[in-house]
Amino acid sequence: MIPLALKGGLQTPCDSCNGKCCKHYAITLSAHDLARLSKTLNMHPREFTRAIEAEKINTKVFPAVINGKYMQLFLAKKENGYCTFFSEETQKCRIHAHRPLACRAYPFTREKFVVKNRKNSICPAKWRAKHVERGKVLHDLVRLEEELKMHDAAVMRVNIRTGGKADLGRFLEELVSSV
Ligand code: SF4
Ligand code: SF4
């Protein structure tokens, strides 16, 4: 997902990777990601969001009820499997400065205040200390956890407000306006 907090202008493993993570993963979108992206890119959130039936995908995020079905919200993908914001021409993220927090934090996790490489990651790179500003990555990881908690609460509120009857576009509008 072409992270992260890189040390000033250094070449990183992402520079020689063809965005494996941008193709492999379904990227969870939190309510805050949706609000930030739609505002910054001046796009309706429906234009870059796909909804997948909750029972078909494994995630701990609280599900939205859209058209009466439990759904999870992810970044849209192209037919070739790449994220809608990935450029095949440059092999880079087109919205790098504004990418979702899950992209910023990848491929790292934390144990308390220690940043570690994620286990079972598909990232082929060997990340070295010179590539990573650990303090910023830790900040992104903590913020991601906090925003996912707020996302769960916001989804519950919108589910109740819409009675499970909203279509995707209306649900996203309600969700964005609730954060
Ligand atoms: S798979 Fe790893 S090296 Fe490749 S773009 Fe993603 S984070 Fe960067
Ligand atoms: S938003 Fe950018 S970094 Fe994140 S998956 Fe899409 S192309 Fe990759």
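**View 1. Glutamine 91 in the loop between strand 4 and strand 5 of the predicted model.** Glutamine 91 is partly exposed, with 15 other C-beta atoms within 10 Å of its own, and the loop that holds this residue runs between strand 4 (86-87) and strand 5 (92-93). The backbone of glutamine 91 has a phi near 60°, a positive value in a residue other than glycine.

View 2. When residues up to four places away in sequence are not counted, lysine 116 touches Phe108, Thr109, Arg110 and Glu111. The C-alpha atom of lysine 116 is separated by 9.6 Å from that of leucine 138, which is 22 residues apart from this lysine along the chain.

View 3. Leaving aside neighbours within four places in sequence, phenylalanine 108 is in contact with Val115, Lys116, Asn117, Arg118, Val137 and Leu141. The C-alpha atoms of phenylalanine 108 and lysine 119 are 8.7 Å apart in space, while the two residues are 11 apart in sequence.

**View 4. Helix 2 and its packing against helix 5.** Within helix 2 (residues 31-41), the buried residues are Ala31, His32, Asp33, Leu34 and Leu37, and these residues pack against strand 1 (49-53), helix 3 (101-105), helix 4 and helix 5. Helix 2 and helix 5 pack at an angle of about 95°, with their axes 8 Å apart, which makes helix 2 roughly perpendicular to helix 5. Ala31, Leu34, Ala35 and Ser38 of helix 2 form the contact with Leu172, Leu175 and Val176 of helix 5; by class, this contact has six nonpolar residues, one polar residue and no charged ones. Helix 2 is followed by asparagine 42, whose phi is positive, near 55°.

**View 5. The crossing of helix 4 and helix 5.** Helix 4 (residues 134-162) packs with helix 5 (residues 168-177) at an angle of about 125°, their axes being 10 Å apart, and the two helices are therefore oblique to each other. Their crossing is right-handed. On helix 4 the contact is made by Ala154, Val155, Val158, Arg161 and Thr162, and on helix 5 by Arg170, Phe171, Glu174 and Leu175. The residues of this contact divide into five nonpolar, one polar and three charged.

**View 6. The shell of residues around ligand 2.** Ligand 2 is surrounded by 14 residues, of which the closest are Cys22, Cys83, Phe86, Cys93 and Cys103. By class, the shell around ligand 2 consists of 12 nonpolar residues, one polar residue and one charged residue.

Note on methods. Residues numbered from 1 in each chain as written. Chains lettered and ligands numbered in written order. Predicted model: local features only at pLDDT ≥ 70, side-chain atom pairs only at ≥ 80, totals over all residues. Near = placed C-beta within 6 Å. Nonpolar A, V, L, I, M, F, W, Y, C, P; charged D, E, K, R; others polar. Axes fitted to C-alpha atoms, helices over the stretch in contact; angles between N-to-C directions. Helix = DSSP H or I, 4+ residues; strand = E, 2+ residues; numbered from the N terminus. Parallel < 35°, antiparallel > 145°, perpendicular 65-115°, else oblique. Left-handed = near helix turned anticlockwise from the far one by under 90°. Contact = placed C-beta atoms within 7 Å. Buried ≥ 20, exposed ≤ 12 C-beta atoms within 10 Å, placed from the backbone.
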